[in-house]
Amino acid sequence: MVATKRIKTYIRGLDEHLQGGIPQSHTVLIAGKPGTMKSSVAYNILYHNAKNEDRSGVYVTLEQSRESVLDSMAGLGMPVNGLDDKLSVLDLAMIRKKLKDLSDQSWMEVFKMYVNNLKGSMDTGILVLDSLPVLEVMAKFEDPRDDLFRFFEWLRDLNITAFLIAEMDQDKMKFCEHGEDFLSDGIMHLDLRRDDRVVNLFLSIVKMRKTKHKRGYFPLIFDEGGFEVVTH
Ligand SMILES: Nc1ncnc2c1ncn2[C@@H]1O[C@H](COP(=O)(O)OP(=O)(O)OP(=O)(O)O)[C@@H](O)[C@H]1O
Ligand SMILES: [Mg+2]
């Protein structure tokens, strides 16, 4: 059997726990309620892969502007300076501008064209989509289950490792609305838990195809050294 190639998350403690990382070409949901550091965790993967592995990545932000994402990430010690040729951050304004020139095409077609172009020009290895529910709204999915099935198929054919951010409602345990959890190859769940007055962040690998892993919730810590999970 050929060993599965893996993409490191660069979250200390997690890669060892995942037999080295996330299988290449997997589509992984990063699910969590507001403020659980979903965007930061996803960007962390892109950033360190660009910096240490020379692997190109694209971060598509439909929620925040490109400047806002880059500012927050620089604040977390992950400045894009010097990595511009490896790490692209696209926002809605950029895609909208393109849409004006291509007004006969649907939003989804323009989005796919953008990603295809980047994939071709930079041999992009990782795609982050922040977030999947916003894409569903923008693309005006009529039959979400069917449209999502096609979208996941498109990602698979692209042969890209994709991280899709899924926003969870404050009061629910559901990762998503339309079966995205079944379609995805992996689910990373970020959860804030309150213990008296202290609120801590936890990470769990809910599923990861082709990977032996434990199912617990591990404390996720962020400091100058980056992200770390405590698995023992
Ligand atoms: N240095 C830090 N250490 C720990 N937590 C931080 C630090 N800087 C920011 N945060 C927390 O992370 C949150 C933002 O992280 P991020 O934007 O990645 O979360 P998110 O889950 O994507 O949020 P949203 O639901 O708004 O999209 C901030 O609201 C803050 O609570
Ligand atoms: Mg976010």
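Which residues of helix α3 (residues 66-75) are buried? In this predicted model, the buried residues of α3 are Val69, Leu70 and Met73. These residues lie on the same side of α3, because the arc they cover around the axis is only 95°. The exposed residues Glu67 and Gly75 are carried on the face of α3 turned away from that buried side. The cover over the buried residues of α3 includes helix α2 together with strands β4 (57-61) and β5 (87-91). Gly77 follows α3 and has a positive phi, near 85°.

Strand β7 (residues 161-167) is mostly covered, with six of its seven residues buried. Strand β7 pairs with β3 (residues 27-32) in the parallel sense, over six bridges. In this pairing, Ile165 of β7 has Ile30 opposite. Strand β7 also runs parallel to β6 (residues 126-130), to which four bridges join it. Here Ala162 of β7 stands opposite Leu127.

Methods:
Residues are numbered from 1 along each chain as its sequence is written. Chains are lettered from A and ligands numbered from 1 in the order in which they are written. This is a predicted model: local features need pLDDT of at least 70, side-chain atom pairs count only at pLDDT 80 or more; totals for chains, interfaces and linings use all residues. A residue is buried if 20 or more other C-beta atoms lie within 10 Å of its own, exposed if 12 or fewer, and partly exposed in between; C-beta atoms are placed from the backbone. Helices (H or I, at least four residues) and strands (E, at least two) are DSSP runs, numbered from the N terminus. Two strands pair if DSSP finds at least two bridges between them. The arc is that of the directions from the helix axis to the C-beta atoms. Two residues are in contact if their C-beta atoms, placed from the backbone, lie within 7 Å.
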